[in-house]
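Colleague: I would like to go through this model piece by piece. Please show it first.

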Amino acid sequence: MTEGLAALMAKGDLLAELAGLIGPGGVRKALGDPHSRRRPRPCGLTVHVGRGCPNACLYCYVGDIVGPGPAEPRPTPLSGPEMAYALLSNPYFVPGRMGTFLALGAVCDPFHPSLIGRTLEIMGSVARFLGNPTQFSTKMPLGPDLIGRLPDGLSISPLVTVVTLRRAGELEPRAPSPWERLEAIRVLRKRGLKPMLFLRPLIPSLEGELEEILDEARAHGAVGVVVGALRVSRNILRRLGKVGLDKPVLARLRKRPPSGRLVPVPMPDLKEEAMRLAREKGLLAFKSACCANAFTAGVPCASLCWIRGFCSSCPNRCWEKLPDVEEELVAEALWRAFGLRARCVMVEDGRLIVEVGRSPGLEKKVGPARRALEVATRRRLDLRVV
């Protein structure tokens with residue numbers, strides 16, 4: 001049986017097991033949490049182990065998303081098993097090694113001292129109950145003792161952020177130094193993990209540092225680099241202006257972003273240059289975080305990057321690892337997970353065609369069903385209502 005489809009059909013049994021563990025109060029808490037319904041992003045389903053970050057990086061968008069926060073980030077109120085229950089309750093989510101990728105970070109640093117305990121608890125529950133490939137991004141120093149507490153038996157993809165060496169004091173005034181983060185890469189590699197340099201965001205006019213950063217990352221044991229662009233708001237531009245970095249950004253944007261909006265800064269040239277330099281230096285180069293997670297886990301990318309024109313051409317060769325898909329199992333999974341009856345299922349190379357009849361609540365089920373089946377089968381899904 002296809003591993004992903006089997007895991008999708010097993011969600012009900014896993015939910016029952018976890019409900020017995022966390023009790024009715026824990027179930028209510030988990031179902032009231034946004035993790036139980038949040039739509040995945042291209043990198044996977046973001047797991048917010050906390051909210052807020054005190055590092056005060058000038059280019060950071062966390063404040064634009066969660067608002068000005070307290071001096072210390074607030075851990076999520078969910079325990080590890082409650083987070084596992086919330087994720088399993090999410091209709092978009094597929095558990096397991098061939099399931100939805102998880103990404104810890106986004107609106108916090110998961111290894112800030114205030115969050116370490118909750119982060120390790122949640123990762124432990126993912127390892128025990130779910131088994132999904134799990135990625136984290138951090139700027140924190142990670143010593144051998146902390147890394148030794150990471151759960152065994154779970155595919156973990158570490159991303160360590162370094163975007164500047166020379167101007168870190170200006171751009172990242174409260175964050176640990178880049179050299180502490182590079183040392184974290186060394187310790188992670190020594191532990192047997194595959195740490196990646198997280199070169200995100202690229203900042204126009206700092207490209208003169210690229211070679212030095214990549215050289216240091218490789219010397220400290222990085223396996224590869226994930227390259228990402230900058231997103232800015234008016235607040236971010238104002239902060240960058242204080243250190244003279246707003247004009248190079250505005251030159252690419254051509255106009256200021258609308259009030260209250262985050263907009264990506266076009267920089268395909270810088271991204272390609274960073275990836276070219278990385279490859280020349282013997283590092284793997286990834287256009288997106290999900291591809292690094294897929295490479296680490298040794299599974300096809302859950303975002304289907306090789307189909308959607310975003311492939312990094314890494315050694316993972318996702319298209320060679322596609323699971324066999326049986327039409328009757330797709331129909332069974334669609335019924336058991338979403339209550340939708342398939343009238344026809346066809347597998348055509350990298351595409352899955354499914355026809356379903358109209359039924360109550362269909363509109364709310366189509367989006368999650370499409371995403372979950374694409375992840376479970378690693379095929380682009382053409383879901384038709386007939």
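What follows is a short exchange on helices, strands and side-chain contacts.

Modeller: This is a predicted model, so local features need pLDDT of at least 70, side-chain atom pairs count only at pLDDT 80 or more, and totals for chains, interfaces and linings use all residues. Residues are numbered from 1 along each chain as its sequence is written, and side-chain values use heavy atoms, with hydrogens and water left out.

Colleague: Which residue follows α5, and what is its phi?

Modeller: Several residues in α5 itself are buried, including I116, L120, M123 and F129. Buried means under 20% relative accessible area, exposed over 50%, and partly exposed in between, with a 1.4 Å probe and protein chains only. After the helix comes a residue with positive phi: G131, near 85°.

Colleague: Are the faces of strand β7 covered or open?

Modeller: Take β7 (residues 196–199) side by side. M196 and F198 are buried on one side, L197 and L199 on the other. Both faces are covered.

Colleague: Which residue of β8 stands opposite L199?

Modeller: Two strands pair if DSSP finds at least two bridges between them. β7 pairs with β8 (residues 224–227) in the parallel sense over four bridges. L199 stands opposite V227.

Colleague: What is the hand of the crossover from β7 to β8?

Modeller: The chain passes from β7 through helix α9 (residues 210–219) to β8. View with the strands pointing away: if the path from the first strand over the helix to the second runs clockwise, the crossover is right-handed. This β-α-β crossover is right-handed.

Colleague: In the open sheet of β12, β13 and β14, which strands stand at the edges?

Modeller: The order is β12-β13-β14, with mixed pairing. An edge strand here has a single partner, so one side of it is left without a neighbour in the sheet. The edges are β12 (342–348) and β14 (380–385).

Colleague: What angle does helix α15 make with β14?

Modeller: β13 (residues 351–356) and β14 pair in the parallel sense over six bridges. α15 (residues 362–377) packs on the sheet, touching β13 and β14; contact means heavy atoms within 4.5 Å. Axes are lines fitted to C-alpha atoms, for helices over the stretch in contact, and angles run from 0 to 180 degrees between N-to-C directions. The angle is about 155°.

Colleague: How many aromatic pairs are there?

Modeller: Rings of Phe, Tyr and Trp (its six-membered ring) pair if their centres lie within 6.5 Å; planes under 30 degrees apart are stacked, over 60 edge-to-face, the rest tilted. F111 and F136 are edge-to-face, at 4.8 Å and 65°. F286 and F295 have centres 5.9 Å apart and planes at 50°, so they are tilted. The count is two.

Colleague: Is N293 buried or exposed?

Modeller: N293 is in helix α13 (residues 289–297). Its contacts, not counting residues up to four places away in sequence, include F101, P133 and S157. Relative accessibility is 0%, so N293 counts as buried.

Note on methods: Helix = DSSP H or I, 4+ residues; strand = E, 2+ residues; numbered from the N terminus.
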